[in-house]
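Here is a short briefing on one protein chain. Please keep the sequence and the structure in view while reading.

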Amino acid sequence: MARLPYDKWQFISPTSFFILYENQARLIMKVILVNIKELVQVEEEARAWVAGKEMNELKVLHDAFLVINDDQIENFGLMQDFDETAVDGADMMMEIDCTGKIVMPGYCDSHTHLVFATSREQEFVDRINGLSYEEIARRGGGILNSAKRLEQASEDELYLSAMARLDEIKQLGTTAVEIKSGYGLSVKSELKMLRVIQRLKETSPLTIKSTFLGAHAMPVEYKNKRQKYIQLIIQEMLPEISQQGLADYMDVFCDRGFFSVSETAQLLEAAWKYDLQPKIHANELGLTGGVQVGVQYQALSVDHLEHVGEAEIEALLGSKTMPTVLPGAAFFLSLPLSPVRKMMNAGLPIALASDFNPGSSPSGNMNFIQSLACINYKMTPEEAINACTLNSAYAMGIEKSCGSICRGKLANLFITKVLPGYAAIPYFYGSNPVETVIINGEIY
Ligand SMILES: N=CN[C@@H](CCC(=O)O)C(=O)O
Ligand SMILES: [Zn+2]
C-alpha cells in the first residue's frame, strides 16, 4: 500500500484526537483504488434490476479509480480524470494499486441454507449408487436427516460452523448472503436456527438477510396430519418469530412430495399477516404451480425453476418477482437445466444464487456458479455477472445498497488477482480469482 504522490496526510496529536473524539467528530479516512484494469458493473444511477436483452449489457470502466469514504463508494472514474479533488476532505487515506486487476461489486448470494449441523456425503454416495434425491427424502434422509442432526447440535456449534462457512464465501467474493432456517422443523429448532442467523448478522461483516423456512419438509410425525404441522407453523412459529424479529422473509418448498400449492397459499397468506414477504422454492421437481402461487402472493423471488413452461413465463412477466436459478443444485443433483435463455428472450430478469446446503449444493462458491451459468446455461459472462450482483441483490431486497459500483452504495466489492479480463472469472472454473475483499469499506 503506497501513499499517494501528493501529501494529504494530516497528523494530529493524541490530545487533539481525544478532543475530536469527545466532540464526536470523526476522522475521515478514504481508501483509493487506482489503476484498476476493469471496474465492472458501474452504475451512474442505481437500478432495481436488469432484464431481457439488457442482461447482456455491463458497464465497465477501463483504467479506472474508485474512492471509498468510510463504508460507502464515494466516487469513481477514469484514471485520466483522477486528481487531488478526488480525495478532498480526507484526514487520512490509503491507496491500493490495482494494476492488472479487476474490481467487481461483491456477489450477493440470495439463496443459501448455510446453517447446518453436518455434511451429508453418505447421501452423495447413495445417489452415485442409483438412489434419487426424492427417494432418499422418502426414506427419511435429505432434509429430515439434516433436521435430526441439527436438533442435537448446540447453538454455539451451529454458529461457529456457519461463521466458518461465511468466512469461506467471503474469501470467494461474496459480501451479502441470504440464509434460511428449515432444518429445524419444530418450534424449538426453527427458533434455534433463526437465533443463530441473528447472531451471524450481528457479528459477521457480511450483509445478511434471514428467511424462515419452517415449511421445508413434513416432519415424520406429521406425515398423516399435514394440517397439524401447517397450523404449528401458522399459530406458533410465525407469531414467535415475528415478535422476536427473527426473519426478513418467509419461504415454502412448494414442490412435488413437499408442500402443495394450496398449502403454500395458506402459509403465504399467514406470512403476509406478519409482514413477511415470500421468497419461495418452486418448480425444482416438476411443473407444480409454485411459480404462479409465488407471483400471486407477491414473492420477492421464486427459486430453482428447473421446470418452467409458457404459463410460468407468462405469470412472471409484469410481476415484481425475481426468477432465481440455482445452477449448483442442478449440477450436483443432475437436474434438468432451467430454460434461462427462453426466460431472458421473453424479457425476464434472472438472478443466480449458490443454494449452499448439505444436500443439493454443498458449495457457496459464486465464481463457480458463474462458470456453471456460462458453461451449462450458455449465459454470457455479462449476463452471469448481472445475475450474481444486481439481480441477486434485488432477490434479497438490498438492491438500493448493494449489487453494483454506484455512488452512495456500500463499499462491498472485491479486487481480483491479475487477470486478462472479467470473462476470465468464469473461464478459470474452480479457482479463486479473488485477492482482496472490501466490506463496508473494511479491507479483508
Ligand atoms: N429444495 C429444497 N431445499 C434445498 C435442499 C435442502 C437439502 O437437501 O438439504 C434446496 O434448495 O436445494
Ligand atoms: Zn434452497
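Met163 touches Leu200 and Ser204, leaving aside residues up to four places away in sequence. The model is predicted.

- Met163 sits in helix 5, which covers residues 155-171.
- Is Met163 buried or exposed, or something in between? Met163 is partly exposed, because 17 other C-beta atoms lie within 10 Å, while a buried residue needs 20 or more.
- Ser146 is 17 residues from Met163 along the chain, and their C-alpha atoms are 18 Å apart.

**The whole chain**
- The chain holds 16 helices and 16 strands.
- What radius of gyration does the chain have? The value is 23 Å. A compact globule of 444 residues would come near 22 Å, so the chain agrees with that expectation.
- The C-alpha trace spans about 75 × 50 × 40 Å along its principal axes.
- Of the 444 residues, 52% are buried.
- Among contacts with a separation of 6 or more, 74% join residues 24 or more positions apart.

**Helix 6 against helix 7**
- Helix 6 runs over residues 187-203 and helix 7 over residues 226-244. Their axes come within 11 Å and cross at roughly 35 degrees.
- The crossing of helix 6 with helix 7 is right-handed.
- Which residues make the contact? Helix 6 supplies Val187, Glu190, Leu191 and Leu194. Helix 7 supplies Leu232, Glu236, Met237, Glu240 and Ile241.
- By class, this contact has six nonpolar residues, three charged residues and no polar ones.
- An α-helix has 3.6 residues a turn, so residues three or four places apart point the same way.

**Helix 13, a buried helix**
- Helix 13 spans residues 366-377. Why does it count as largely enclosed by the rest of the structure? The reason is that 10 of its 12 residues are buried.
- The buried residues of helix 13 include Met366, Phe368, Ile369, Leu372, Ala373, Cys374 and Tyr377.
- Asn367, Gln370 and Ser371 of helix 13 are buried too.
- Lys378 follows helix 13 and has a positive phi, near 55 degrees.

**The shell around ligand 1**
- How many residues surround ligand 1? The shell has 13 residues.
- The closest are Ile143, Ala329, Asn357, Gly359 and Ser360.
- The shell around ligand 1 divides into seven polar, four nonpolar and two charged residues.

- His304 has a phi near 105 degrees, a positive value in a residue other than glycine.
- His304 belongs to strand 11, residues 301-304.
- Is His304 buried or exposed? His304 is buried, because 29 other C-beta atoms lie within 10 Å.
- Asn440 has a phi near 50 degrees, again a positive value in a residue other than glycine.
- Where does Asn440 lie? Asn440 is in the loop between strand 15 (434-439) and strand 16 (442-443).
- Asn440 is partly exposed, with 15 other C-beta atoms within 10 Å.

How values were computed
Residues numbered from 1 in each chain as written. Chains lettered and ligands numbered in written order. Predicted model: local features only at pLDDT ≥ 70, side-chain atom pairs only at ≥ 80, totals over all residues. Helix = DSSP H or I, 4+ residues; strand = E, 2+ residues; numbered from the N terminus. Rg over C-alpha atoms; globule rule 2.2 N^0.38 Å. Contact = placed C-beta atoms within 7 Å. Axes fitted to C-alpha atoms, helices over the stretch in contact; angles between N-to-C directions. Left-handed = near helix turned anticlockwise from the far one by under 90°. Nonpolar A, V, L, I, M, F, W, Y, C, P; charged D, E, K, R; others polar. Near = placed C-beta within 6 Å.
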